[in-house]
Amino acid sequence: MDSAGTNESLKALLEGLIFVSGEEGLTLLQIQSVLDWCQRSTLLETLEEMQADTKKEARGVELVRYGGSWKYVAKESVYPLAQKLYSKIQSASLTPSAMEVLSLVAYRQPITRVEIDEIRGVSSDATLKKLQARGLIETCGHLDTIGRPLLYQVSESFFDTLGISALSDLPAVEVEQKESSLFEREEALTVEDKEKQPESANTPQASDSSEAAEESASQADQTPERPQQGIVETDQTKETSSDPVFESK
């Protein structure tokens, strides 16, 4: 295969890898870890060529580099048409998955897609795009970390749709209250255990002391009365010396 064919094959591989990475994109180091047979300088040169190609007016997506990560994004001219598309195919009510994602954005904004995916356990990329196209959420900058992921928050249309004026009007989350009460119960149990600990620690010591006292008393009872034996022997000696038989002799 000639160099031109090799270059086109490399572009196809790069395009597919970056596309499946979604809005997070891929760093040059991540790309090189997969395409380890290709030099770093060659990868960078090819990515820059692909970026220049996507800037042409005939392309609806553009390859950009944000914070060291390469990703594909739709051009601004596509967004009005995407909103029109979703407005025609959207249902009257949100799906359960869309409601779940919208709730996470509302209660935890600003939040990234990765954080939402970690909470839900599934990808939320398509759902976020649909909510954004319906005007219920919007981006509010990038998180200052590797890859600079997008941050999401609710839009003004969100408040109009729900008929509220501020996020404080949303119902309180019962899960947080249950967690706090659980922590309080655990703390109360810990304090109670600490208060009972000295009593349990002193009980064995008192038992040992009583057992030692009983053992000492038992040994004292079993010890022979040596001083009394000595007194008996002395009395017998006196009686023998006072016998009249011995005196006559």
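## Report on local features of a predicted model

Ser-21 lies in the loop that links α1 (3-20) to β1 (26-27). The structure described here is a predicted model. With a relative accessible area of 17%, Ser-21 counts as buried, because the cut-off for burial is under 20%. Leaving aside residues up to four places away in sequence, Ser-21 touches Leu-26 and Arg-113.

Leu-26 is also among the residues touched by Ser-69. Ser-69 itself belongs to strand β3, which comprises residues 69-74, and it is buried at a relative accessible area of 2%. Besides Leu-26, the contacts of Ser-69 include Glu-24, Gly-25, Thr-27, Val-64 and Gly-147, again not counting residues up to four places away in sequence.

**Overall composition**

The chain contains 11 helices and five strands. Of its 249 residues, 23% are buried. Among contacts between residues at least 6 apart in sequence, 46% join residues that are at least 24 apart.

Helix α5 (residues 96-108) packs against helix α7 (residues 125-133) at an angle of about 75°, and their axes are 10 Å apart. The two helices are therefore roughly perpendicular. On the α5 side, the contact is made by Ser-97, Ala-98, Val-101, Leu-102 and Val-105, while α7 contributes Thr-127, Leu-128 and Leu-131.

The loop between α5 and α6 holds Pro-110. The peptide bond from Gln-109 to Pro-110 is cis, with omega near -10°.

Helix α6 (residues 113-120) has Arg-113, Ile-116, Asp-117 and Arg-120 as buried residues. They lie on the same side of α6, because they cover an arc of only 100° around the axis. In general, an α-helix has 3.6 residues a turn, so residues three or four places apart point the same way. The elements that cover the buried residues of α6 include α5, α7 and β5 (150-154). Just after α6, Gly-121 adopts a positive phi of about 85°.

Arg-148 is located in the loop between β4 (137-142) and β5. Although Arg-148 is not a glycine, it has a positive phi of about 45°. Its relative accessible area is 30%, so Arg-148 is classed as partly exposed.

A search of the whole structure finds one aromatic pair. This pair joins Phe-158 and Phe-159, with the ring centres 5.6 Å apart and 80° between the planes, an edge-to-face arrangement. Both partners are buried: Phe-158 has a relative accessibility of 2%, and Phe-159 has a relative accessible area of 13%.

**Accessibility of individual residues**

| Residue | Relative accessible area | Class |
|---|---|---|
| Ser-21 | 17% | buried |
| Ser-69 | 2% | buried |
| Arg-148 | 30% | partly exposed |
| Phe-158 | 2% | buried |
| Phe-159 | 13% | buried |

How values were computed
Residues are numbered from 1 along each chain as its sequence is written. This is a predicted model: local features need pLDDT of at least 70, side-chain atom pairs count only at pLDDT 80 or more; totals for chains, interfaces and linings use all residues. Side-chain values use heavy atoms; hydrogens and water are left out. Helices (H or I, at least four residues) and strands (E, at least two) are DSSP runs, numbered from the N terminus. Buried means under 20% relative accessible area, exposed over 50%, partly exposed in between (1.4 Å probe, protein chains only). Contact means heavy atoms within 4.5 Å. Axes are lines fitted to C-alpha atoms, for helices over the stretch in contact, and angles run from 0 to 180 degrees between N-to-C directions. Angles under 35 degrees count as roughly parallel, over 145 as roughly antiparallel, 65 to 115 as roughly perpendicular and the rest as oblique. Rings of Phe, Tyr and Trp (its six-membered ring) pair if their centres lie within 6.5 Å; planes under 30 degrees apart count as stacked, over 60 as edge-to-face and the rest as tilted. The arc is that of the directions from the helix axis to the C-beta atoms.
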